[in-house]
Amino acid sequence: RQFLGHDWEQAPQVLINRDWVRHAELNYKTAHYRLYPMFSVGASISQSNSTNASGGIVTQASVLSQYAGVSMSWAIFDGFATRAAKISAKANIRYYERQLQTVSDQLLDQATSQERQVGFAYRAMNLAQSRARISETTLKTVQEDARNGLVSKAAADAALAVNQQYQVTLQ
């Protein structure tokens, strides 16, 4: 999938649209698991010290608290909001996949068109070189005929002008 030395699949437009497709797919997964049970696990340890001085008596207490827990929540029904979110996420996936396909097709068409233009330019250059060679041969023949008196000086000058025009065209 390379045209003129460029990988069109690495074009910024293609990469951006691929990211949007991936984003839409992740949104669908999020919507899909929305009504599943949700679990949380937590743990904590805390320590506190307190010092109390009263009437010449000092007391110090240290408290170490530990907590570990698991919690679960489960929304069994949300009024079809999850279903709507899944349908919307699927529509977004299809939309961004279509955008990606459109951009890919446009870049491929552009690369194919440019390749065709390079081919036309190559053929035009070959034709110009052939005409210049023919003009050079014609010029030599006309100049030789002018020296022998077979053609006029004006014809030789015209052949020289045509040859110079082709040489300028090749520049």
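D19 is partly exposed, with a relative accessible area of 42%. The model is a predicted one. In this model the side chain of D19 meets that of R22 in a salt bridge, with N and O 3.0 Å apart.

**Helix α1**

- Helix α1 runs over residues 12–32, which makes 21 residues.
- From its first C-alpha to its last, α1 reaches 30 Å, close to the 30 Å expected at 1.5 Å a residue.
- Its buried residues are V14, N17, V21, A24 and A31.
- These residues cover an arc of only 105° around the axis, so they sit on the same side of α1.
- P12, K29 and T30 are exposed on the other side of α1.
- The buried residues of α1 pack against α2, which spans 81–147.

**Salt bridges**

- Side chains of opposite charge can pair when their charged atoms come close.
- Across the whole structure, a search finds four salt bridges.
- R22 and D19, one of these pairs, both belong to helix α1 and are three residues apart, about one turn of the helix.
- Another salt bridge joins the side chains of D78 and R34, at 3.9 Å from N to O.
- D78 is in the loop between β4 and α2, while R34 is in the loop between α1 and β3, so this pair ties together parts that are 44 residues apart in sequence.
- D78 is partly exposed, with a relative accessible area of 26%, and R34 also counts as partly exposed, at 40% relative accessibility.
- K153 forms a salt bridge with D157, and their closest N and O atoms are 3.3 Å apart.
- Both K153 and D157 lie in helix α3 (residues 153–170), four residues apart, about one turn of the helix.
- K153 counts as exposed at 61% relative accessibility, whereas D157 counts as partly exposed at 39%.

**Strands β3 and β4**

- Strand β3 covers residues 38–54 and strand β4 covers residues 57–73.
- The two strands pair in the antiparallel sense over 17 bridges.
- In one of these bridges, S50 has A61 in β4 as its partner.
- Two residues lie between the strands of this hairpin, and G55 takes a positive phi near 55° there.

**Serine 135**

- S135 is part of helix α2.
- Because its relative accessibility is 6%, S135 counts as buried.
- Leaving out residues up to four places away in sequence, S135 touches V162, N163 and Y166.
- With N163, the side chain of S135 makes a polar contact, side chain to side chain, at 3.2 Å.

Conventions
Residues numbered from 1 in each chain as written. Predicted model: local features only at pLDDT ≥ 70, side-chain atom pairs only at ≥ 80, totals over all residues. Heavy atoms only, no water. Pairing = 2+ DSSP bridges. Expected span 1.5 Å × (residues − 1). Buried < 20%, exposed > 50% of the residue type's maximum accessible area, 1.4 Å probe, protein only. Arc of directions from axis to C-beta. Contact = heavy atoms within 4.5 Å. Polar contact = N/O pair within 3.5 Å; in protein donor to acceptor, adjacent residues only side chain to side chain.
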